[in-house]
Amino acid sequence: MRLIALGASAIVGLSLIPAMAAPAATAPVATTTTTLTKPPVFAYYYLWWSANHWKNKLGPNYPITASPLPLPATLDSTGCGARTRYVGNTLTDVPGKIYSQDDPGFIEADVRQAAAAGLSGFAVNWIGNGASTQSATSNPYSARLQVLVNAVRKVNAEGKPFKLWLSYKASAQVLPASRISNDLAYIVRTYGANSAFDRSRSAKLTVIWQGSRKYPASTLSSVGGPLRSKLRILGDETTWSSSRAPYLDGNAYYWSSQNPYSNPQSFKQLAALAGAVRASGVNPDGTRKVWVAPIIPGYNKELAGGSACVPRRGGQTIRTLYNGNGATNPDAFGLISWNEITEGSYIDPMTRYGYQDLNALSSLIR
């Protein structure tokens, strides 16, 4: 967020965390880039944070106009055991003030803060309206995507490296193949040659099909077949099968609740998945399959209908997962996430944790 107010319950322990609120321009992470010997890190970036979305998540009893904003929930000594302080609330954290991604300059500030921390880019979560004639004004997601693209190009023009992947929003519900085809055709038509998108490892625009595991191979084929020459389509597959591999250029499994403490076998599970991806042959264009390993700072969806919690442990969790999942030799890391606040996997500095996890990640990748 732009302004950070570290409350008494904030977990602090890194010397880089500011003692007082600080805007993104003075964030304490160094302006450096990921070294070439380390995998690039693309953070999942969500486009749904309007002021109304905040109000819906915090519920009708949260004092939305208070200054400073109070933490909406408490956690126990383990960093889990969330208990809401306001009936109807589903969040454990808040920014310094309620914002909208439609606020002028807000998305650009996110780009600058992530780039300064050494991230390679955002895997921007997007969905269109499914129409064959859609445009940048067809829905709020598309309008914000255009703002994000403009911000990345502006930052790139200043000599700062930062690029985009697309994370196609198809996991929450199974979508008709025609809708997915129309949405991705819009992306190709509008951004297929846009310099804001990452071309460092493929001339094609990279798309992660979120929830691909929920779709039959026939849908992967019918949607991807006409678009594979323009898009590098990565799956979100829990397991990897020879019957589905021909229709995906690789795998970026979205494991947002990986717990290295209660499930130390998770590292072997990911290594097996990575091995299966790489052993499944080459893509139609002759390139090898891509493996994107997940990493998280923590996870807590206890107030939003979930039961799993992965404590952050003062930045230890993201370090443990970076090193453990890094043993799979990924082509890239998919950071879950920049701003998935409902699931508690965000790394964007907010009230409870401040810069703790962003600094921890930055120290690993720069």
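Analyst: A term to start with: a cavity is a set of grid points where a 1.4 Å probe fits but cannot get out, and its lining residues have an atom within 4 Å of a point. Keep in mind that this is a predicted model.

User: OK, how many cavities of 30 Å³ or more does a search of the whole structure find?
Analyst: The search finds one. The volume of the largest cavity is about 70 Å³.

User: Which residues line the largest cavity?
Analyst: Its lining is made up of L75, G79, T92, G298, Y299, N300, V310, P311, R312, G344, Y346 and Y353. Sorted by class, six are nonpolar, five polar and one charged.

User: Switching topic. In the largest nonpolar core, which residues touch the most other members?
Analyst: Those are L119, F122 and L361, in a core of 100 residues. Helix α3, residues 140-157, gives the most to this core, with seven residues.

User: What does β4 pair with?
Analyst: β4 pairs with β1 in the parallel sense, over five bridges. There, F122 is the bridge partner of A43. β4 also pairs with strand β5, residues 163-168, again in the parallel sense, over six bridges. On that side W126 stands opposite Y168.

User: And the helix α8, how many of its residues are buried?
Analyst: Nine of the ten residues in α8, which runs over 356-365, are buried. Among them are L358, L361, L364 and I365, along with Q356, D357 and N359.

User: What covers them?
Analyst: The cover includes the strands β1 (41-46), β9 (290-295) and β12 (332-335), as well as the helices α2 (106-116) and α7 (316-326).

User: Last one: is S307 buried or exposed?
Analyst: S307 counts as exposed because its relative accessibility is 68%, and the cut-off for exposed is over 50%. S307 lies in the loop between β10 (299-300) and β11 (309-310).

User: How far apart are the C-alpha atoms of S307 and E340?
Analyst: They are separated by 17 Å, and the two residues are 33 residues apart along the chain.

Conventions
Residues are numbered from 1 along each chain as its sequence is written. This is a predicted model: local features need pLDDT of at least 70, side-chain atom pairs count only at pLDDT 80 or more; totals for chains, interfaces and linings use all residues. Side-chain values use heavy atoms; hydrogens and water are left out. A nonpolar core is a set of buried Ala, Val, Leu, Ile, Met, Phe, Trp, Tyr and Cys residues joined through side-chain atoms within 4.5 Å. Buried means under 20% relative accessible area, exposed over 50%, partly exposed in between (1.4 Å probe, protein chains only). Helices (H or I, at least four residues) and strands (E, at least two) are DSSP runs, numbered from the N terminus. Contact means heavy atoms within 4.5 Å. On a 1 Å grid over the protein atoms alone, a cavity is a set of points where a 1.4 Å probe fits but cannot get out, and a pocket is an open set with protein on both sides within 12 Å along at least five of seven lines; lining residues have an atom within 4 Å of a point. Grid points are joined across faces, edges and corners, and a volume is the space filled by probe spheres set on the points. Ala, Val, Leu, Ile, Met, Phe, Trp, Tyr, Cys and Pro count as nonpolar, Asp, Glu, Lys and Arg as charged, and the others, Gly among them, as polar. Two strands pair if DSSP finds at least two bridges between them.
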